[in-house]
Amino acid sequence: MIPAESAVKEADGLAFGRRVREDSGVDFNRCYQCLTCTLSCPVSFAMDYQPNQLMRMIQTGAAAEVLRSRTIWVCASCETCAARCPQGIDIPRVMDTLRQIALREKIAGREAAIPAFHLTFLKSIRRWGREYELGMVIGLKIKTRDFFNDIGLGIRMLMKGKMGLLPHRIKGAGEIQAIFRKSREVGED
Ligand code: SF4
Ligand code: SF4
């Protein structure tokens, strides 16, 4: 495992910009700060850096701030910004690339719960072919060390049968696992 600090340092500056461009295939250098993306974004209120600011930060090589930002995890990949950007910049693709880099480099960002949920959810899908809610809740609690928040809600859901005690593997689980294996081979996992 690469310690977060050295990963950020390694990814710093121009090398970071090059890596994001190569991995995403998006030329974010075409951004001229018109703000259309930010004004269109439905979740910009919850971001620590607005989408246009993030583009500028990648251009200037602010690797550590970008990879630790809340923005890359709050982005809902709704594609509104990409559809409206006059320069045709695929911002959600850039966000996706940044999330992958942050996960691969094990960089602890300001929004720890969302990547923890992301990994726990994927693990459940890979194993069972579908979401195993109780397993996800337990996995998430262990990852975030937040053991008691929402415990009452969890118990009520169990009692009303909204969450099953045991997992159910779907028929095509093997095919789902094959998709995960293929993704890993091409470096998308
Ligand atoms: S809409 Fe496109 S060009 Fe305008 S600020 Fe956003 S990324 Fe840059
Ligand atoms: S894709 Fe992300 S950054 Fe773009 S508008 Fe949607 S939520 Fe905002």
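How many helices and strands are there in the protein? The protein contains 12 helices and zero strands, where helices (H or I, at least four residues) and strands (E, at least two) are DSSP runs numbered from the N terminus. The model is predicted, and local features need pLDDT of at least 70, side-chain atom pairs count only at pLDDT 80 or more, and totals for chains, interfaces and linings use all residues. Residues are numbered from 1 along each chain as its sequence is written, while chains are lettered from A and ligands numbered from 1 in the order in which they are written.

The C-alpha trace spans about 55 × 35 × 35 Å along its principal axes. Of the 189 residues of the protein, 22% count as buried, that is, with 20 or more other C-beta atoms, placed from the backbone, within 10 Å of their own.

Helix H9 (residues 113-128) packs against helix H10 (residues 133-144) at an angle of about 145°, with the axes 9 Å apart; axes are lines fitted to C-alpha atoms over the stretch in contact, and angles run from 0 to 180 degrees between N-to-C directions. Residues in this contact (C-beta atoms, placed from the backbone, within 7 Å) include Phe117 and Phe121 of H9 and Met136 and Leu140 of H10.

Around ligand 2 there are 14 residues, the closest being Cys41, Cys75, Cys78, Cys81 and Pro92, with a residue taken as near if its C-beta atom, placed from the backbone, lies within 6 Å. Helix H7 (80-84) and helix H8 (91-104) each give two or more residues to this shell, and H8 gives the most, with three.

Note on methods
A residue is buried if 20 or more other C-beta atoms lie within 10 Å of its own, exposed if 12 or fewer, and partly exposed in between; C-beta atoms are placed from the backbone. Two residues are in contact if their C-beta atoms, placed from the backbone, lie within 7 Å.
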